[in-house]
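Then follow along, one piece at a time.

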Amino acid sequence: MTERSSVQGRAARALFATSAAWLAVAALPAQAAAADELTLYTTREPALIQPLISAFSAQSNIKVNTVFVKDGLLERVKAEGARSPADVLMTVDIGNLMDLVDGGVTQPVKSAALESAIPANLRGADGQWFSLSLRARVLYADKSLPLTSFRYEDLANPKYKGKVCIRAGQHPYNTALVASLIAHDGEAKAEQWLRGVKANLARKATGGDRDVARDILGGICDVGLANSYYVGQMKSAKEGTDARKWGDAIKVVRPTFANAKSGGTHVNISGAAVAKNAPQRANAVKLLEFLVSEPAQSLYAQTNYEYPVRKGVALDPIIGQTIGELKVDPLPLTEIAKYRKQASALVDKVGFDQ
Amino acid sequence: MLTARRQPPGLRAAGPAWRCASFLIAIGVLAPVLTLAWLAFGSGVSHWGPLFAHVLPQAALNTALLLTGVGALVLVIGTGCAWLVTAHDFPGRGVLHWALLLPLAMPTYIVAFAYLDLLHPIGPVQGAIRWVLGFDSPRQFRLPDLRSMPGAIFVLGFVLYPYVYMTARAMFMTQPAHLMEAARMLGESRRGAFFRVALPLARPALAVGLSLALLETLNDIGASEFLGVNTLTVAVYTTWITRSDLAGAAQIACAMLFVVVALVWLERNGRQHQRFGSAQRMRAVQPRRLHGGAAWAATVTAATPVLIGFVAPALYLVWESAKRLQQGGGVSRGLIASLGNTLALASGVTVVAVAAGLVVAWASRSQGSSLNRARWQARVATLGYAVPGTVLAIGLLTPALAFDAALATALGWQGLPLMGAGVVLVVACAIRFLAMPVGGIEAGLARIPPAIEQASRLLGETTAGTLRRVHLPLLRPAMAAAALLVFVDAMKELPATLLLRPANFDTLATWLYAEAARGTYEEGAIAALAIVLAGLLPVVLLARNQLGTPSLTPGPDKT
């Protein structure tokens, strides 16, 4: 008994001593941000933007401090208020970006470099937000399927009964697509579509986008919707890895909307805004301008397999071969953001994720 | 420091300083909950129409099914294994009695992911089955999908049963053997004596373990979302994130909290007038040696939960990490830094939570049995565990940052010093896990007879001196156990860390989450393995602390 407690006692004392030391260090007042720094709050995974950030720091000598926040970016910046260290806010999904604008934590930016690089429909008219890259919601299909074209509406076709895989309907990538369907076909048709797809599901609507490819390889399903950049990630993975096997099991089709004459594909964005109380506003604008410059846009394409927002930047060869040049559905992004909550309610109404 | 006024020796309750500190801690825990309530009342209830029509009934049903399933599974596994290793001796018992705690080191989201991979149609298990049955492709034969309610119950049950096992085992070990013997002499079978004496006597312990497991289940977002089970917690997230309706999410969260508090209160109330302990420690139950088939059956039974809840997923992580290292990916410096951050965070949270737990438990106990005005503080202090991590963090944001800004203004500093130094994060995690030290230390204090304190005070020692020289040494096992539990849980903590951490601060859990969110799970395997390995030591210490049976399994440390 005593032996045991003495061991615990030592362990506990050691633990307490290290912790106390740590607390003493942590309690030192935070250093004020220096002029050659900036703070980036991002909901994008750090590894995806790290090459871009490194390139920016190398070029500008500005150190970038990052916080990767998943849910609650808006709440955090709001609560931090005037003392917030955040300079740039970066998100994926137009809805999340619009939430920041509507939440009043962004500020307008006027920059010729940004305006000339980003098409007008991919940025806020008032400079409150900017798209930095595009991703298409495309069809992954079993390689053996004789498919060359596909309409989003086809996914509800009973001929795919028990053959469809997709991630949760409540995921922003899917609610944005449903919002587009509402804009194109009306709410009733969108609801019908959701019910049809739900009836076709081979498994629960869950997991991630890559699981669509994995489950196609696993024989669970034949088709599914997922984002375009995963195709690049999987098909370029090392020979012999799981990811490569999944990627090699699928082919990709760029779907279109039945009612849109344009024949465009649904896209979503990754984007950014300058924080309302940015302590380093000038640096923040510099970062945004860098991110839409040729070399950075090329990095988006080559290392992240995304579609650049800037015209004339080459695609990654794998994306170019398997998916090809993107024809974007001309529906304004703000329309998609507008119908997002309605789309989310529809997903609930049909019990898509149940 | 407070200027400690020496009280004259006597049998008075703890001084106002203790009660004041305890009160402040309770307010600190209440702050995020009150903020949530305020957020919830900040909007109308018009949107509850569609929620009630399409979301809540199904989500509530799913939650109830999940809780029932997980509850039944953890009770059966936890209590069954605890009784098996307490009352029986069989091959492997010496290892199994502590190995049964190992799944505590496993975050549920990691286990969910591991099993999804292991049991996937293109994974090793189904591949082997197909090979045996002579099928070539998963299109010809595959098992039912793990992504389902039974799958979620399976995963969560086998990971969370140690909460019940730990409390049940500790209880069975201290149950006096003479009660069981009396039951046997009065004609009960062994089985009858277990169900009619040992089990009812263990009810408070089972309730504590079960409630911890169920609260983990209720607030789990990673595993249930991953396995496609839409619980109320998932509904809170959807309402908040996808529909940008924080008020609506806060309303659902508050309603859930209300139900949890009501259930916990009902359970406590249900056994309020029952007494479970016998004051004097008698001879403990002696294990009965099993022979032949029965012995091996016992070994297999007790080993199965360890294999499913720990060994299989751990081996999977080792395998994936090895594959990753072989493919040329090394251990990056970021990962090493994350390990350091994780240990620092977990230590900080442990110190704060255990110190706060001691204050609350001491203050609420010193009020005396009849005048227990500070008891509510001890109950309030456990609220943090009843709220999902992110929701708690959201609730804490506003009050904590307001305090931070006021402090910075007063001191003339720039920015948000407490947030920037990670203090807010430590406080948030401490609030979240405060239930463990408060409960553990309260239980420890209850075992110390008042006569000891009276003797100390009569001999001229002060209240503080009595605490330091009498109670703290006696409380050491309880405090160590609470500290280890908090440490393990803080190491695995994800949602509050994600939201409240300072810039450039990654823990193993956030690192792993970022990899998983990017869809590159393979690279997360090393981080996951590091979480498990770092969590192992505290779990083993905990096992020795809680479950050591010196008479039967002498510890290896002969100092």
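We will walk through chain A, then chain B, and end with the confidence of the prediction.

Please keep in mind that this is a predicted model. For the complex, the predictor reports an ipTM of 0.81 and a pTM of 0.84.

Let us begin with chain A. Its secondary structure consists of 15 helices and 10 strands. If you draw a box along the principal axes around its C-alpha atoms, that box is roughly 70 × 65 × 40 Å. Of the 354 residues in chain A, 57% are buried.

Now zoom in on a pair of strands. Strand S1 of chain A covers residues 37-42, and strand S2 of chain A covers residues 63-68. The two pair in the parallel sense, over six bridges. You can find one spot along this pairing at A:Tyr41, which stands opposite A:Val67 in S2(A). While you look at the strands, here is a general point to remember. In a regular strand, side chains alternate between the two faces of the sheet.

Step back again, and see how chain A is divided. Domain 1 takes residues 37-134 + 268-315, while domain 2 takes 135-266 + 328-349. The centres of these two domains of chain A, taken over C-alpha atoms, are separated by 26 Å. Where they meet, 14 residues of domain 1 of chain A are in contact with 14 residues of domain 2 of chain A. On the domain 1 side, helix H4 (94-102) and strand S9 (267-275) of chain A each supply at least two residues. Which element gives the most to this side of domain 1 of chain A? That is H4(A), with four residues. The residues on this side of domain 1 of chain A divide into seven nonpolar, five polar and two charged.

Chain B also has two domains to explore: domain 1 (36-104 + 148-304) and domain 2 (341-505). Their C-alpha centres lie 24 Å apart. The contact between them takes 12 residues from domain 1 of chain B and 10 residues from domain 2 of chain B. Three helices of chain B, namely H9 (203-219), H11 (232-242) and H12 (246-270), each supply at least two residues of the domain 1 side. H12(B) gives the most, with four residues. This side of domain 1 of chain B has 10 nonpolar residues, two polar and no charged.

Finally, how confident is the predictor? Chain A averages a pLDDT of 88, and 90% of its residues score at least 70. Within chain A, confidence is lowest in helix H1 (residues 2-26), at a mean of 51, and highest in strand S4 (residues 106-107), at 97. Over residues 1-8 of chain A the pLDDT is below 50, and the pLDDT is also below 50 over residues 24-32 of chain A.

For chain B, the mean pLDDT is 83, and 88% of the residues reach 70 or more. Over residues 367-371 of chain B the pLDDT is below 50, and it stays under 50 over residues 549-559 of chain B.

Terms used
Residues are numbered from 1 along each chain as its sequence is written. Chains are lettered from A and ligands numbered from 1 in the order in which they are written. This is a predicted model: local features need pLDDT of at least 70, side-chain atom pairs count only at pLDDT 80 or more; totals for chains, interfaces and linings use all residues. A residue is buried if 20 or more other C-beta atoms lie within 10 Å of its own, exposed if 12 or fewer, and partly exposed in between; C-beta atoms are placed from the backbone. Two strands pair if DSSP finds at least two bridges between them. Domain bounds come from an automatic or database domain assignment. Two residues are in contact if their C-beta atoms, placed from the backbone, lie within 7 Å. Ala, Val, Leu, Ile, Met, Phe, Trp, Tyr, Cys and Pro count as nonpolar, Asp, Glu, Lys and Arg as charged, and the others, Gly among them, as polar. pLDDT is the predictor's confidence in each residue, from 0 to 100.
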